[in-house]
Amino acid sequence: MATFAFDTVIDRLGTGSSKWSRHPSDVLPMWVADMDFAAPPAVVAALQDRLAHQVLGYAVAQDGLRETIVAAMAQRYGWTIAPEDLVFLPGVEPGFNMALRAQLQPGDGVTVQTPMYRPILSAPGHWGLVRHDVPLVPGERRHGLDVDALSAALDRSKAFLFCHPHNPTGRTFDRADLEAIAEACLVRDVAIISDEIHCDLLFDGRRHVPLASLSPEVARRTITLMAASKTYNIAGLKTAFAIIPDPDLRARFAACRLGMVDSVNALGLVATQAAFRDCEPWRQALLAYLGANRDHLMRELARRFPTIRCIAPEATFLAWLDCAALGLPDPQAFFLEKGRVGFSAGHEFGTPYGQHVRLNFGCPRALLDEGLDRMERALAGR
Ligand SMILES: Cc1ncc(COP(=O)(O)O)c(C=O)c1O
């Protein structure tokens, strides 16, 4: 396997990184979902080539980029899409907001699975929609999917806003899960919005199955949202895409740009193409590194903090830590103040989750160990 410098610690202070700007400089940030790795060399080279041209006017996705993504969908997931199914966006977050706006009326219900990435939790409220939460149920080794509870929420909903793989738990959904979910949506004529931004970060040889790839019937009612941003660590380039095979739905979705959702970033398009076309060895090496970080984290949690509960994530570089047994009023605030390590606060992912923190392990191993040391020191000093 090709080797890349994932162990190298890169100083990001003073670079305008949102991750490294939120807290004072003595805090180790382990919150927002970007990784502390350099972008793949092939992405950086493509950007340098593009910059050498020196003209940076408005940009539009070229056929080559569309074909690259079509080929990637076929190769990675056996999913056949057409180049015109793609709608380019400045982010997945505007995408799921546009998708709600395009299909629902104020007062309509939307089902989400909790805990949930905050912008998904808040999206229904932006459009006067009523959110129905269905908790994932923590089990011994996995979070359980309660299809009966999901169905009951879908009875009152016009859309299912899905996060697949799931942020913050890192839970993946296999074909059987997806068939049950799709069936529950189909029989109730519920629209599906599937945020699959973490789809290329599955561990242990798992293969992502796009929900819309199950059947043409499911594809017709599904808006899938993806991006190269998480996998290749280029989130700051603000480029994503929707895949919408149904032409009418695609037109309604596109109409929801409404003068607010802008066109795409010229450099983001270049980076996205290079990422999908040229960076498979980098992605495989990244997965090996992240998988090893995940395993190391699970071992160290068990050894140093045996009362913290964490179900090993099956995807993503995020770990969802249940700190209830530590008996802290607010674990995120405690680790920030006493340990100088900045996690995402559990309550951001839903009100019942105030005793959780989300830890980002998409970083060199040395930083992960530093974060664990800081947690340990904070708890020792209580
Ligand atoms: C599930 C999920 N969706 C969307 C986003 C944000 O995507 P974008 O920056 O493309 O809006 C994130 C970022 O953390 C995410 O985890």
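## The ligand and its pocket

Start with Glu 93: one of its backbone N or O atoms lies 2.9 Å from an oxygen atom of the ligand. That is a polar contact, meaning a pair of N or O atoms within 3.5 Å. Keep in mind that this is a predicted model, where local features need pLDDT of at least 70, side-chain atom pairs count only at pLDDT 80 or more, and totals for chains, interfaces and linings use all residues. Residues are numbered from 1 along each chain as its sequence is written, and side-chain values use heavy atoms, with hydrogens and water left out.

| Residue | Part of the residue | Distance to a ligand oxygen |
|---|---|---|
| Glu 93 | backbone N or O atom | 2.9 Å |

On its own the ligand has 400 Å² of accessible area, and the protein covers 92% of that (Shrake-Rupley method, 1.4 Å probe). Residues around the ligand (a heavy atom within 4 Å) include Ala 33, Gly 91, Val 92, Tyr 117, Cys 163, Asp 195 and His 198. This shell splits into five nonpolar, three polar and four charged residues, with Tyr and Cys counted as nonpolar and Gly as polar.

The ligand takes up the space of the largest pocket, as more than half of its atoms lie within 2 Å of the grid points. A pocket here is an open set of points on a 1 Å grid over the protein atoms alone, with protein on both sides within 12 Å along at least five of seven lines; lining residues have an atom within 4 Å of a point. Its volume is about 910 Å³, the space filled by probe spheres set on the points. The lining runs to 45 residues, and Val 32, Ala 33, Asp 34, Lys 230 and Ala 235 lie nearest the centre. By type, the lining has 21 nonpolar, twelve polar and twelve charged residues.

Most residues other than glycine have a negative phi, and most peptide bonds are trans. Thr 114 and Pro 115 are joined by a cis peptide bond, with omega about -5°, and Pro 115 sits in the loop between strand 3 (109-114) and helix 5. Another cis bond links His 164 to Pro 165, omega about 0°.

Methods
A polar contact is a pair of N or O atoms within 3.5 Å; within protein, one must be able to donate a hydrogen and the other to accept it, and residues adjacent in sequence count only if both atoms are side-chain atoms. On a 1 Å grid over the protein atoms alone, a cavity is a set of points where a 1.4 Å probe fits but cannot get out, and a pocket is an open set with protein on both sides within 12 Å along at least five of seven lines; lining residues have an atom within 4 Å of a point. Helices (H or I, at least four residues) and strands (E, at least two) are DSSP runs, numbered from the N terminus.
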